[in-house]
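Subject: Structure handover

Hello,

Here is the structure I promised to pass on.

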Amino acid sequence: MIVNIVGGCDKRPVLYTVMKICQTLGDTLLVTTDNRMLRLSDTGENQGHYENVMIAVAHDGIDDFFEDFMYAPHDFANVIIDGMVHADADKTIYVRGLLPSEDEEIMLEYLEDYATIDFYASKAAVSAAFLNCEKFEAYRNFAPINASVAAQVADALAKVANTSAVNLSKMAMAAPTGSNPGKGPRTMAGAGAVKRKGGLFGGRKK
């Protein structure tokens, strides 16, 4: 499954929710234009990992990235592309900010099919979501972000993920294992969790 995530606002609540779902389903590649996402990398460098998600930064377009990359998209169970549009993506998610830019509006005219997520409409959801984004980054344990965001992402991905939106929501909101969230990376578990498919990072130890 290849998922584009676009929009000029801070997309982390949606991006991290998609990451949590995708890594539950199998080894995942995140390609982003945002250097700040290297905070998720276990090495702090390009092509490091956040558990079974490889974090890669690209600035010359997604096609040029894959020309030089050591793997092909089909080497991963899921590929998330943040800030760029892959023509062969199974789903594009547009995260609407409070005031979409003219560039965004032009981009959307060229997209034939996309799902819109507008969680900025709820101030309460925004506050809680960004606090949990900080936990996601600091504790490195796939902290759940927000139930409203999870429901919207699940609705957007259910068909292409070949499962129900209810099941995807459970994956997104499952609590990390362990009682102390500050001890570092650990495997996600909980309601809706499924056995990860083997692959590039199967059985990876840190």
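Overall layout

Keep in mind that this is a predicted model. The protein has 6 helices and 7 strands. Starting at the N terminus, the order is β-α-β-β-β-α-β-β-α-β-α-α-α. The chain has 206 residues, and 50% of them count as buried. The accessible surface is about 9900 Å². Carbon and sulfur atoms hold 49% of that surface. Contacts across the sequence also deserve a look. Take the contacts with a separation of 6 or more: 67% of them join residues 24 or more positions apart.

Helix 6

Helix 6 covers residues 165–173. Which of its residues are buried? They are Leu168, Met171 and Ala172. Viewed down the helix axis, the buried residues of helix 6 fall within an arc of 95°, so they line one face of the helix. What do they pack against? The partners are helix 1 (12–25) and helix 5 (147–161).

Aromatic rings

The structure contains 14 aromatic pairs. One of them joins Tyr50 and Phe142. Their ring centres are 4.5 Å apart, and their planes meet at 75°. Planes over 60 degrees apart count as edge-to-face, so the Tyr50 and Phe142 pair is edge-to-face. Where do the two residues sit? Tyr50 is in strand 3 (residues 48–50). Phe142 is in the loop between helix 4 (123–139) and helix 5. The pair therefore ties together parts that are 92 residues apart in sequence. Both Tyr50 and Phe142 are buried.

Phe69 and Phe76 form another aromatic pair. This one is stacked, with 6.4 Å from centre to centre and 15° between the planes. Are these two residues buried or exposed? The cut-off for buried is under 20% relative accessible area. Phe69 has a relative accessible area of 9%, so Phe69 is buried. Phe76 is at 6%, so Phe76 is buried as well.

Phe69 and Phe76 also belong to a cluster linked by ring pairs. Its members are Phe65, Phe66, Phe69, Tyr71 and Phe76.

Best wishes

Notes. Residues numbered from 1 in each chain as written. Predicted model: local features only at pLDDT ≥ 70, side-chain atom pairs only at ≥ 80, totals over all residues. Heavy atoms only, no water. Helix = DSSP H or I, 4+ residues; strand = E, 2+ residues; numbered from the N terminus. Buried < 20%, exposed > 50% of the residue type's maximum accessible area, 1.4 Å probe, protein only. Contact = heavy atoms within 4.5 Å. Areas by Shrake-Rupley, 256 points an atom, 1.4 Å probe, with all protein chains shown as cover. Arc of directions from axis to C-beta. Phe/Tyr/Trp six-rings, centres within 6.5 Å; stacked < 30°, edge-to-face > 60°.
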